[in-house]
Amino acid sequence: MNRERVTIFDTTLRDGEQSPGCSMNVQEKLRMARQLDRLGVDVIEAGFPIASQGDFDAVQAVAAAVRRPIVAGLARACAPDIERAWQALQGAARPRIHIFLATSDIHLKYKLRISRQECLEQARSSVRLAKSLCNDVEFSPEDATRTDPKFLCEVLEAVVEAGATTLNIPDTVGYTIPTEFAELIKTIRQNVRGIEKVTISAHCHNDLGLAVANTLAAIAAGARQVECSINGIGERAGNASLEEIVMTMRVRPDRYAYETGVETEQLFASSQLLSEITGVSVQPNKAIIGRNAFAHEAGIHQDGMLKNPLTYEIMTPQSVGVPNSMLVLGKHSGRHALGLRCEQLGHNFDRRELDEIYRRFVVLADKIKVVEDHHLIQLIEEAHRPAAVVDLPIAIARAASASNGNGGTYKPFPIPLSGAISSISVSSAAEHHGEQEDYLWGV
Ligand SMILES: [Zn+2]
């Protein structure tokens, strides 16, 4: 069956990163972007280049490192933002400039202090400028769901004329409800000239817990791109959760006969990696990837599950990449099994990095019989933590933190292990590594 495709636009690294406690540095964004690439998202919004040097660097680094997905940079509707975004996207294989401008009267009056006419002109001219630089231009009328629909359609028509290729309709404040949002998408499809040439997108916030429901309603009404994030992170109550949207389409093709490029088996790993990077874990009962999402506690449920999983399971844990719990990790487990489990938890280590984890794993496994996933995640986190420096020869640690220059936190792993340390003190790093190798290969 030939299904229509829905483009998955991931904004974990932009809107997601704006949520309290979820900010990420360049290296962390790069790690996450590589996992998003493995996950199969179509667009990665990597940041807001004019917002800070860090955001600029992150967009540039992601654009250079990730070649398959489109990489988008966010810009307000003005020349300095657009030019800065374009500069950050120079190395991208498939760049996209994403421009936003508020269109609701409340935002025009109190935030931007411009008239509707000025807003219309600014939207048109900024898209024109972006189009002169980049073929792929997305426009978002911020606070669209509280904008007069007639004016909204006028603005959208102007930006389509100016060359926008995607029209994203944001429910910026998480105010709309599914039936209303579907009507808005229909109104846009019926009233904006040239709409058939462009992709309509939905960007929903979860203030009323309706972000995923509103997004699905938009798809049913004709949206063919959805903006979402891993674990649903984002401003305030968050964005629509990627895993919930994608799995709804996979579990209910009878109602949502669309396909995406997402490898659903990578969902759990993506969620775990994000939690590890940000230090923000998901609630246990979070749909799809929460700790309890596949746990069956009640006796009658367990009985049914044992007779036939279909009694209580609408999708298998394997389909979202939850590790097979039959594989028990203990002190007799080898590096291969450990590496595999790390991959399932979102960590793709090179050999040397895995050595370090394995060294810690063996010590732990000696103390406790079975190393559960949460132990392993903690162990990986510890390997990232500055305190882990004590495990390394002091001279190397000192040299590495001095080379940091800013006196800030020194992360001994994974970056310095393969980069900074070896370049600072090759001989002692090699010595240290040699010890590890003997130990590891001897087990
Ligand atoms: Zn947003």
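The structure is a predicted model, in which local features require a pLDDT of at least 70 and side-chain atom pairs count only at pLDDT 80 or more, whereas totals for chains, interfaces and linings use all residues. Residues are numbered from 1 along each chain as its sequence is written, and side-chain values use heavy atoms, with hydrogens and water left out.

The zinc ion has as protein donors D15 (OD), H203 (NE2) and H205 (NE2), at 1.9 to 2.2 Å from the ion. Donors are taken as N, O and S atoms within 2.8 Å of the metal (3.2 Å for Na, K and Ca); water is not among the atoms, so sites may look incomplete. Along the chain, the spacing of the zinc donors is D-x187-H-x1-H.

The protein chain contains 18 helices and ten strands. These elements are DSSP runs numbered from the N terminus, with helices (H or I) of at least four residues and strands (E) of at least two. Of the 443 residues in the chain, 54% are buried. Among contacts with a separation of 6 or more, 72% are between residues 24 or more positions apart; a contact is defined by heavy atoms within 4.5 Å. The accessible surface of the chain is about 19900 Å², and carbon and sulfur atoms contribute 52% of this area.

Helix α8 (residues 211–220) is largely enclosed by the rest of the structure, because eight of its ten residues are buried. The buried positions are A211, V212, N214, T215, L216, A217, A218 and I219. These residues pack against β7 (166–171), α7 (178–191), β8 (199–204), β9, α9 and β10 (258–259). After α8 comes G222, which has a positive phi near 125 degrees.

A crossing of two helices was also examined. The axes of helix α12 (residues 335–344) and helix α14 (residues 373–384) approach within 11 Å and cross at roughly 85 degrees. Helix α12 is therefore roughly perpendicular to α14. Axes are lines fitted to C-alpha atoms, for helices over the stretch in contact, and angles run from 0 to 180 degrees between N-to-C directions. Angles under 35 degrees count as roughly parallel, those over 145 as roughly antiparallel, those from 65 to 115 as roughly perpendicular, and the rest as oblique. On the α12 side, L338, R341 and C342 meet D373, L376 and I380 of α14. This contact comprises four nonpolar residues, two charged residues and no polar ones. In this classification Ala, Val, Leu, Ile, Met, Phe, Trp, Tyr, Cys and Pro are nonpolar, Asp, Glu, Lys and Arg are charged, and the others, Gly among them, are polar.

Helix α12 also contains E343, which is partly exposed with a relative accessible area of 41%. Residues up to four places away in sequence aside, E343 touches A269 and N348. The C-alpha atoms of E343 and Q266 lie 9.5 Å apart, although the two residues are separated by 77 residues in sequence.

Helix α10 (residues 267–278) includes S275, a buried residue with a relative accessible area of 13%. Beyond its neighbours within four places in sequence, S275 contacts N231, V280, S281 and V282. Between S275 and G346, 71 residues apart in sequence, the C-alpha to C-alpha distance is 10.0 Å. With residues up to four places away excluded, N231 touches E243, S271, L274, S275, V282, K286 and I289.

Most residues other than glycine have a negative phi. R236, not a glycine, has a positive phi of about 50 degrees. This residue is located in the loop between β9 and α9 and is partly exposed, with a relative accessible area of 45%. I288, likewise not a glycine, has a positive phi of about 70 degrees. Its location is the loop between α10 and α11 (299–307), and at 8% relative accessibility I288 counts as buried.

How values were computed
Buried means under 20% relative accessible area, exposed over 50%, partly exposed in between (1.4 Å probe, protein chains only). Accessible areas come from the Shrake-Rupley method with a 1.4 Å probe; for residues, only the protein chains shown count as cover.
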